[in-house]
Amino acid sequence: MIAWPAARHADAAPTAFVHPGVTVSKAQLDFARTEVNAGAQPWKGAFDQMMSSKYADLNRTPKPRATVECGSYSDPDHGCTDERQDAIAAYTDALAWYITRDDRYAKKSIELMDAWSAVIKEHTNSNAPLQTGWAGSSWPKAAEIIKYTYTGSWPNSGRFATMLRNVYLPEIINGSHSNGNWELSMMEAAVGISVFLEDKASYDKAMAKFRTRTAAYVYLSSDGDLPKTVPGQNLDTKAKIVSYWQGQSTFVTGLTQETCRDFTHTGYGISAISHVAETSRIQGQDLYGTDVGERLRQALGFQARYQLGAAVPGWLCGGSLKLGLGPVTEVGYNALHNRLGIAMSNTQSLTEQQRPAGTNSLFVAWETLTHGDNPS
């Protein structure tokens, strides 16, 4: 068995939070801004892609509502798409502000955040936890950039913080026993919100759940004959574990709990792992050198290989995979390959093939711009 380093009390909040510090740091923003302004690729192309998207439209009208009701697969969709996309737009506008220093984008980001913080009260129906996780992952990324870099004023920032604390955090902080991408996205939101709120207790709780879920989401051979499980899910027999892993009974390093479901949901889980690891690194605790980094590396490589077209063996998901990983590789690839020097040939090929990485319109956006070959 491999003994992974504890990474300085694996789940402990920093003594002082770093801002902006949710997924993207000031140094990373500065690097992206310099490259875009120099017309360097792939950053300039990624910036142009972002600026031509609907999310950077200065005429966007926010569509807040008091109750966002989201059923399974967003049916019914009463504000679900509007909320997620307004949150991504707020983040997009915050990035646009940072790179261009055009006040109009900061003000639009603030307008979107203010519109929702004035109105929303709750998320309801079966997809409420996931919806809250998705939207709650984008809001603090926008808020961190605006609060800590915008030179103008944001009078309602306190109300926005109250919204995150009262409407979002309670819905996600206790986790989920659904498919692993749910809890990983929920913990991504909880960690990001905790950074913005400077809430050490919530940060610690979310990070502990994240560590447990990540270990149960990506299999390593060092885990033993069967994948790790999350306490409380009662996956106490091999048959139950195989069922939870979508009928897959052969476990190999890099396989995820949702690989045999489809690559799209698997991509959500992998992306959330990378986002939390990146936030943690910015906050002074580098998880990439722990089992989190190893699981992320192996998950990226395993999925990338088949996404690139490798033949699917009969023992894997019955010999058939549903591809569609999404724009989710930049953060993990940059951290593990560029920063730590680990060879990741399949992930590198897929990452370069997909550039510039856009948005999945749920909670992932513009990561070639923010993290592509970013040394900071």
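**Exercise 1. Is Thr-149 buried or exposed, and why?**

Before we start, remember that this is a predicted model.

Step 1. Find the residue: Thr-149 belongs to helix α5.

Step 2. Compare its accessibility with the cut-off. A residue counts as buried when its relative accessible area is under 20%. Thr-149 has a relative accessibility of 15%, so Thr-149 is buried.

Step 3. Look for neighbours. Leaving aside residues up to four places away in sequence, Thr-149 touches Pro-20, Trp-97 and Tyr-98.

Step 4. Check the side chain. The side chain of Thr-149 comes to 2.5 Å from the backbone oxygen of Ile-145.

**Exercise 2. Find the disulfides in the structure, and describe how each one links the chain.**

Step 1. Recall the bond itself. A disulfide is a covalent bond between the sulfur atoms of two cysteines.

Step 2. Count them: searching the whole structure gives 2 disulfides.

Step 3. Take the pair Cys-70 and Cys-80, whose sulfur atoms are 2.1 Å apart. Cys-70 sits in strand β3 (residues 67-70) and Cys-80 in helix α3 (residues 80-100), with the two cysteines 10 residues apart. The torsion about their S-S bond is about -125°, so this disulfide is left-handed. Both Cys-70 and Cys-80 are buried.

Step 4. Now turn to Cys-260 and Cys-317, with 1.9 Å between their sulfur atoms. Cys-260 is in the loop between α9 (238-244) and α10 (263-282), while Cys-317 is in the loop between α11 (291-307) and α12 (330-339), so the bond ties together parts 57 residues apart in sequence. The torsion here is -75°, and the link is left-handed.

Step 5. Apply the cut-off from Exercise 1. Cys-260 has a relative accessibility of 19%, so Cys-260 counts as buried. Cys-317 is buried too, because its relative accessible area is 15%.

Step 6. Number the bonded cysteines along the chain, and the pattern reads 1-2, 3-4.

**Exercise 3. In what order do the 3 strands of the open sheet lie, and which helices pack on it?**

Step 1. Recall how strands pair. They do so through backbone hydrogen bonds, either parallel or antiparallel.

Step 2. Read off the order: the open sheet runs β4-β3-β5, with mixed pairing. The edges are β4 (77-78) and β5 (122-124), each pairing on one side only.

Step 3. Look at β3 and β4. These strands are antiparallel and joined by 2 bridges.

**Exercise 4. What span should helix α4 have, and how many of its residues are buried?**

Step 1. Count the covered positions. In α4, 11 of the 15 residues are buried, including Tyr-105, Leu-112 and Trp-116.

Step 2. Ask what covers them. Among the elements over the buried residues of α4 are α2 (43-51), β3, α3, α5 and α6 (157-172).

Note on methods
Residues are numbered from 1 along each chain as its sequence is written. This is a predicted model: local features need pLDDT of at least 70, side-chain atom pairs count only at pLDDT 80 or more; totals for chains, interfaces and linings use all residues. Side-chain values use heavy atoms; hydrogens and water are left out. A disulfide is a pair of cysteine sulfur atoms within 2.5 Å. Helices (H or I, at least four residues) and strands (E, at least two) are DSSP runs, numbered from the N terminus. Buried means under 20% relative accessible area, exposed over 50%, partly exposed in between (1.4 Å probe, protein chains only). Two strands pair if DSSP finds at least two bridges between them. A polar contact is a pair of N or O atoms within 3.5 Å; within protein, one must be able to donate a hydrogen and the other to accept it, and residues adjacent in sequence count only if both atoms are side-chain atoms. Contact means heavy atoms within 4.5 Å.
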